[in-house]
Amino acid sequence: MRPPSPHHPQQLPHPSNSAPLMGPLPTGGQRKKSSKGTTGVRSWLLMDSGGKTQVMEAGKHVIMRRTGLPARDLRILDPVLMYPSTVLGRERAIVINLEHIKAIVTAHEVLLVKSTDPSVSPFVDELQRRLIRHNQVTTAALEGNEEDGSKSNWTRLHDLGESQSRGESRENSPKGFSDQFDEQGRVEKNQLYGSKVLPFEFVALEACLESACSCLENEAKRLEEEAYPALDKLSSKISTLNLERVRQIKSRLVAITGRVQKVRDELEHLLDDDEDMAEMYLTEKSVERDLEINSSASSSMNEPILCDEMDDEIVQADMEIDRDAQIGTTTTNTSKQLDVQELEMLLEAYFVQIDGILNKLSTLREYVDDTEDYINIMLDDKQNQLLQMGVVLSTATLVVSALIVVSGVFGMNIRIALFKEETKIGMPKFLWTVGGGSIGSVVLFVIAIAWYKHSRLLD
């Protein structure tokens with residue numbers, strides 16, 4: 001049979017624990033007619049556990065029936081409302097709103113809000129690649145079980161992990177769990193935790209966290225590359241252009257810091273609450289629900305069998321049941337604790353990464369604050385110099401005003417002997433008066449400046 005083309009949408013089987021999806025999409029006049037009576041219809045990208053994708057249009061009620069989510073959780077994914085970064089664990093799904101990623105992860109599929117953001121397309125490709133590899137790992141584990149019943153799934157996967165670790169020893173991954181594939185398509189290390197395969201929902205969650213952290217890290221790196229040269233240039237030369245560049249950089253810094261802080265707070269909240277992390281084990285809860293359904297169906301089909309037993313045998317059987325129940329409870333609690341620790345370690349890896357980004361931004365913010373303080377000091381120094389110059393000019397104006405007063409006194413229209421024409425001593429006295437007044441003004445100015453310096457009013 002000819003394989004379907006990757007360019008055409010695939011019709012995917014529905015998971016057993018979810019409601020059936022909508023019927024065939026209406027065309028032509030039917031589409032227009034149905035759109036009038038339907039509200040909140042949005043395009044979704046559906047990706048199953050095998051990495052197959054399908055674009056569909058569905059309303060919020062269809063998504064609610066399919067995922068079991070309430071309407072308030074779907075509002076978190078609304079791009080118009082601009083909710084902060086959120087990761088919510090529910091009974092049958094995980095709601096993820098991290099930066100450009102708005103997704104719903106179930107135990108069998110991932111629903112992504114269709115977006116025109118260019119950063120979403122690389123994330124979709126990466127998620128599809130991871131899910132395909134995860135499907136290969138799971139298939140290899142099942143085949144290993146069928147071939148050799150004495151070997152468990154985890155032993156088979158441990159052998160696969162060891163063969164992959166030899167190929168990956170040449171590279172060091174900065175992402176913790178997220179090591180890359182080699183060209184032969186070997187098993188990803190991020191699909192394994194020790195010798196155990198990560199569940200489907202954790203593979204999708206890890207891809208979302210890595211994409212969000214990488215996006216924030218790239219933005220922070222670009223901001224650092226622009227900020228430090230601009231700040232150094234402003235320190236050397238204060239101008240309107242440099243000040244405007246630094247203002248824009250500071251605005252971007254505040255915005256990115258707020259986004260990183262929200263992601264960090266969300267991860268910290270999850271790490272502090274074990275119950276929230278336990279809610280994210282969708283595969284385990286799905287298996288438990290299936291077991292309960294099968295057990296209830298089998299018990300309803302079997303008829304009760306009555307048997308006569310001795311009293312001591314009944315007491316002994318009750319004791320054995322109680323002991324088995326205690327052992328089973330202890331084993332279940334220990335298993336869940338280990339499972340929570342696995343998810344906790346996965347979240348801690350990205351918590352450390354996002355915390356490192358926040359530390360870099362904090363360092364940059366401190367550098368911006370230091371530069372602002374330095375600029376303010378320089379401006380204050382310039383202002384002090386201008387004030388000192390104003391004091392000097394004011395003193396000079398005062399001294400010259402004294403000379404102007406003398407000239408004003410002699411300019412009064414009063415008859416005195418100095419202005420008589422018959423006297424021939426007018427010119428020498430005029431010169432002595434002008435010269436004495438000028439010299440006196442200079443002497444007063446020098447005395448004033450010396451007093452200012454002595455009083456530390458001038459440098």
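I began with residues 430–452, where the chain is 100% helix and 0% strand and the end C-alpha atoms are 33 Å apart; helices are DSSP runs of H or I with at least four residues, strands are runs of E with at least two, and both are numbered from the N terminus. The model is predicted, so I note that local features need pLDDT of at least 70 and side-chain atom pairs pLDDT 80 or more, while totals for chains, interfaces and linings use all residues. Residues are numbered from 1 along each chain as its sequence is written, and side-chain values use heavy atoms, without hydrogens or water.

I then looked up residues 386–410, a span of 100% helix and 0% strand whose end C-alpha atoms lie 36 Å apart. An unreviewed UniProt entry lists 386–410 and 430–452 under "transmembrane region", and such annotations may be inferred rather than shown by experiment.

For L127 I found contacts (heavy atoms within 4.5 Å) with M47, V110, L112, A204 and A207, leaving aside neighbours within four places in sequence.

Finally I checked S211, found in helix α6, which counts as buried because its relative accessibility is 16%.

Terms used: Buried means under 20% relative accessible area, exposed over 50%, partly exposed in between (1.4 Å probe, protein chains only).
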